[in-house]
Amino acid sequence: MSDKTRGSAPERSGGSGPIRAPQDFVAGASLVALALFALWASADLSQGSLGQMGPGMLPRATAVLIALLGIAIAIGACLRPGPSLERWGIRGPLCVFLAVLAFAFTIRSVGLVVAGPLVALIGGAASPETRLGETVIFAVAITAFCIGLFKYLLNLPIPVLVIPGVVVL
Amino acid sequence: MGDLAANLSLGFSTALSVQNVGLAFIGCLVGTLIGVLPGVGPIATITMLLPITFGIDPVGALIMLAGIYYGAQYGGSTTAILVNIPGEATAVVATLDGHQMAKQGRAGAALGIAAIGSFFAGCVATLVIAALAAPLTRVALLFGPAEYFSLMVLGLVFAVVLARGSIPKALAMILVGILLSTVGTDLETGEERMTFGYGPLAEGVDFAVLAMGVFGFAEVLRNLEHTEAREVVKHAIGRVLPTLEDLKRSVWPIVRGSLLGGALGILPGNGAVLGPFASYTLEKKIAKDPRRFGQGAIEGVAGPESANNAGAQTSFIPLLTLGIPPNAVMALMVGAMTIHGIVPGPQVMTRNPTLFWGMIASMWIGNLMLLVINLPLVGVWVRFLKVPYRLMYPSILVFSCIGIYSVRNLPEDVVFTGVLALVGYALIKLGFEAAPLLLGFVLGRLMEENLRRALSIARGDLMTFVERPVSGVLLAVALVVLVLALLPAVRKSREEVFAD
Amino acid sequence: MRTTLVLVAAALGLAAGAAHAASYPERPITMIVPFAAGGPTDVTARIVTEHMSRTLGQQIVIENVAGAGGTTGITRAAQARPDGYTIMMGHMGTHGAAPAVYPNLKYDPTKDFEPIGLAAGTPILIVAKKDFPANTLQEFVAYVKANASKLNEAHAGVGSVSHTTCSLLHAQLGVSPNRVAYRGTGPALNDLVAGQVDYMCDQIVNLTPQIQAGTIKAFAIATPERNPAIPNVPTTREAGLPEYQVSAWNAIFAPKGTPKEIVAKLADALDKALDDEATRKRLADLGGDIPDKQGRTPEALAKLVQSEVQRWAQVMKSTGGGSR
């Protein structure tokens, strides 16, 4: 079970305290948290009986199993050494998330002409290697390509340019 | 046998008209190009291109649509191998070893084997359909909800085998996938489950959104962090096509995959989705060195891709013989046929033999087209990987956003993908794998529906799953596979205490 | 002075509106179809709009927004700008049964739309598996009444046409058989052919080939006249259940506030489409029911919506809401 191909380089010696595999411990705890959330979210669903299974039965059963696995993993993390928590990046996830949000908010209100470059530019900010001038040109080029392909060649109903009251392309 | 020859020659004479060959070519080409776009799977592709077929005669239109279908399937596998984004459930398996191969500079070999394997599978499937269509449908009709449930349980066991790392974590991911699949409006009662009254979630989480977020975008985030791991991709691409060694290793996986995928594709109700997973499990289990799987074993691409294509073709059988579409794509085909004035039904074979046999012949031609189109394209894709990542990933983002938006025309879907990207990132950081999650998601819904349906029909008698012979056999097989899957893990955990 | 100004402004506004309407349509129109591509409503929409595009001189582009029995797409269309460039194809479910089936429905079929006109309806059939122990509608009714708890009825999910129409049947017969949900009519029909379930109520489009091939049996068609595609199937009136009259009608709507002239133009284009020979043939091939001249007006549609909403409200109340 090599971690090499997954691109992460965990320090093999785990924590020195009671939690010997911090990554696994957090993983297990997260599972339990998810399970509890699911149980809360499905609280209002009817359970039904085995003969007429209600909508709540499978979600609840699954949530319980997830919780049990989470506890097992967390306990295992206390017993055996394992990788410790990696550093979580901020810039990457944040930029990508904002880029996607920007697309979602502008695609119908302003159109692809703006949404496309926004994604490319904000997304570009996620990487320290990005060069501004190059990315701007690229953003425009790729948006133009997409407009040509999706809107005109394939006739998809994607808003290209929306100026309220004036034009809707 | 003479009958078969006569029918096939009727079919080929129809399919080999200049117009129809041209349509098959255009269909495959366009389908591949669109299917390659991240986030756009076969269903989205066909829906997009359906209006184009309106001006053409029915047989020609169907040939073109079928071409689009295979093309999109293959294009989806291409994206899965190149950038780890599965456009459809069947492409998830291609990411496991295919993308690893791409990272090792062997993208060409992976893509090439996928094309060759698909062609072989297509030939086998065409023969099967031509010779055995009618009797096979009768087999398909044996499968009721109880049998489907057991089949899905078997599939979920495959998901455990698929896991590369920790088994408990993989099990947890499968269960989370199942849990996610329950979000939405309950089919039987109409109650909304865990949607918090939020409109776009009423139909549940969309597969493309989940795959794109948890796989695709999360992969982008991971690559942004680990610049060293990325360098490998830009190394000498080496031989663009598979080596002789690759081909030798792939022969039997391709044969097995074709048969397995072809058999599963016949089952209405989307049995085809299990094909690639079953093939991967089989190859991993009988391989001399199973640890190669997950690190770029070519058998892990050859078998599943063949199964994929074989299943895609045999899934036409319920449509052509019964007139009942086995999955969403075939339902689109029915719509297309209806618009052209052909209502598919049990008598299409006898009343409209030109259509039936023409389609079968054109399936083979379509497969040939795919090979002809894609082998040269491998060179193009591989060169595409050489684009500096700082330019490639923004384009992945742009294409993916457009792709996701085009599925339901809902900006909320795009937002949701972004949220799932963060979730996917968290999963990577915590040592979870995404593939079992996706599998659990796809199978979970099918499994639950059939479970409740079977119990409803049996009025709550749990024994129905064991009493019905086919169902009982499937469950037994699932149990055996599960034990086989867990045994090495139990042994390994005892070693691990000393290793590392 | 002020009054004159106001009057002039009003006149200019009207003129501008009229001029705008007179030149409608100046660009492609979007029709939202709230179901997946390929289904009966989608196919009907495509056939009809192909001809309408020619009359109007601009393309009508279909946008499929599926979900929640069609209500997701209709909700979106209802909130669109009422400038005539977004219209929708609704049907018996979205504009008839929806208020009764979906308690949190975000639109009111009787108030939030400008009806344009009926397109085509698909008759409903009562069908059963090949081995069902009955050969006529009367026998079927008797058997169902006697054995309701043992029978399994297939439908395509709460809110679907097959679900609402069978709810009506059950309400009229006063029975509560076991209802089994499927994800779409394809799988439901598959299990019916295989004999895993006993009967269902569905649109003629999907069923004709199976009936003709003999893989399922049809007891009756719920319209006043027999359908030429399956001439041996009696009407419910002939077969003894005259009160079961239901057709999955499809109709075009525009959002509330769409100018009257635009509504009139659309209604006229629809009318011409329904008169066109080729269009009629394609619709008839589907088993579609084309409305006569009086049934095609916006007023007729408005009345239909009113009566349907009331009818389904009653049916759902007596069968206890959506699930049974």
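This is a predicted model: local features need pLDDT of at least 70, side-chain atom pairs count only at pLDDT 80 or more; totals for chains, interfaces and linings use all residues.

Analyst: Residues are numbered from 1 along each chain as its sequence is written, chains are lettered from A and ligands numbered from 1 in the order in which they are written, and side-chain values use heavy atoms, with hydrogens and water left out.

Chain A exposes about 8300 Å², and carbon and sulfur atoms supply 73% of that area (Shrake-Rupley method, 1.4 Å probe; for residues, only the protein chains shown count as cover). Of its 169 residues, 46% count as buried (buried is under 20% relative accessible area, exposed over 50%, partly exposed in between; 1.4 Å probe, protein chains only). Chain A has five helices and two strands, in the order α-α-α-α-α-β-β from the N terminus (DSSP runs numbered from the N terminus: helices are H or I of at least four residues, strands E of at least two). Among contacts in chain A between residues at least 6 apart in sequence, 60% join residues at least 24 apart (a contact is heavy atoms within 4.5 Å).

A:Gly70 sits in helix 2, residues 57-79, and is buried at 0% relative accessibility. Leaving aside residues up to four places away in sequence, A:Gly70 touches A:Gly28, A:Leu31 and A:Val32. Its C-alpha atom is 6.1 Å from that of A:Ala29, 41 residues away along the chain.

Next, the charged pairs. Side chains of opposite charge can pair when their charged atoms come close. Over all chains there are 31 salt bridges (a side-chain nitrogen of Lys or Arg within 4 Å of a carboxyl oxygen of Asp or Glu). One of them joins B:Glu225 and B:Lys429 at 2.9 Å, N to O. B:Glu225 belongs to helix 9 (residues 207-225) and B:Lys429 to helix 19 (residues 411-429) of chain B, so the pair ties together parts 204 residues apart in sequence. B:Glu225 is partly exposed at 28%, while B:Lys429 is buried at 4%.

In chain C, C:Asp268 and C:Lys272 form a salt bridge of 2.8 Å, N to O. Both lie in helix 10 (residues 260-275), four residues apart, about one turn of the helix. C:Asp268 is partly exposed at 35%, and C:Lys272 is partly exposed at 39%. A network of salt bridges also links C:Asp271, C:Asp275, C:Lys293 and C:Arg296.
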